[in-house]
Amino acid sequence: MSSKRIDAFLSKLGYCTRGEAKKFMKIHEVCVDEKRVYQPSIKALHSAITIDKEVLDPETITILMHKPSGVVCSHDDSGKLIYSLLPSQWQYRNPKLSTVGRLDRDTTGAILLTDDGELNHKLTSPRSNISKVYKVTLAHPLKGNEGDLFASGTLLLNGEEKPLLSAKLTIIDSTTVLLEIVEGKYHQVKRMFGAVENRVVALHRVSFDKYSVEDLDEGQYIILNQ
Ligand code: URA
C-alpha cells in the first residue's frame, strides 16, 4: 500500500469530504505514527494513521451479510436499502460498497458486499460458475419430476435464449427443498418453480460460494478481508 494525502484517505473511507478535512482534523485527533497532525496535505501510509486512537477502516472492504427480508439490494430505491444496515460512514466511501448480485426484497440469506469492483465483476460474471444454495418453501407439493428437469440443463425460462445450466434439487419434504444453482439470472429460483407450475412462498440463500450465514443473525455481517 502506498502513501497518500490524509484528506484523500479521509474522503475515500467516508470520514468526511476533502473540503471538510481541515475542520475534521481540528475536531478529531488524527495521528501519523502516534504524532498528532493538522495538515490534510500530509502524506502517510494507511497503517500509520489513527483517528481518535482507532486505526483507519480498511482500504477495501468485502463483507458477508445475512440479508433480512424487507431490504433492497439497490443504491437508489425508495424502500429501505441494504446499505442502511452498515455503519453510516461506510455509505460515504468512494468507491461505494455494492452488493455482489442481488437478492429480492423478500429473500433472506447470504449476500456479499464489496467496494472492490474487479472482485464484484469476477463473482457476478456468467462464467464464474459460483455455487449458490437456496432453501425454498413452495406453495404446492412437488410433483416428482422437478429434480430431473432442473438437472437436465434443458429448462428454458420465458424470455431467455439459452436453457439454464444444470441445477441440483435436494428434497427436504414435499414443499421444502434445497436448490443449488451456478447462475444468477433475474428471479431465477422463482421462475424455475413457476416453470413447473409451483410458487415460491419463502426463499433463503443458505450459501454463496463457500460463505454461509448459518452463524449470523438477520442483519448481521462479518468483514471477510481482515
Ligand atoms: N432467485 C430469485 O427468484 N430470487 C432471489 O432473490 C434470488 C434468486
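The structure holds 11 salt bridges. A salt bridge here is a side-chain nitrogen of Lys or Arg within 4 Å of a carboxyl oxygen of Asp or Glu. This is a predicted model: local features need pLDDT of at least 70, side-chain atom pairs count only at pLDDT 80 or more, and totals for chains, interfaces and linings use all residues. Residues are numbered from 1 along each chain as its sequence is written, and side-chain values use heavy atoms, leaving out hydrogens and water.

**First stop: R18 and D7.** Select both side chains. They form a salt bridge at 3.6 Å, N to O. D7 sits in helix α1 (6–12), while R18 is in the loop between α1 and α2 (21–27), 11 residues apart. Helices (H or I, at least four residues) and strands (E, at least two) are DSSP runs, numbered from the N terminus. D7 is buried at 5% relative accessibility; R18 is partly exposed at 44%. Buried means under 20% relative accessible area, exposed over 50%, and partly exposed in between (1.4 Å probe, protein chains only).

**Next: D77 and R105.** Their closest N and O atoms are 3.6 Å apart, in a salt bridge. D77 lies in the loop between β7 (62–67) and β8 (98–99), and R105 in the loop between β8 and β9 (108–114), so the pair ties together parts 28 residues apart in sequence. D77 is partly exposed at 32%, and R105 is partly exposed at 43%.

**Then: K185 and E183.** This salt bridge spans 3.9 Å, N to O. K185 is partly exposed at 28%, whereas E183 is buried at 12%.

Select R5, D7 and R18 together. Salt bridges with shared partners join them into one network.
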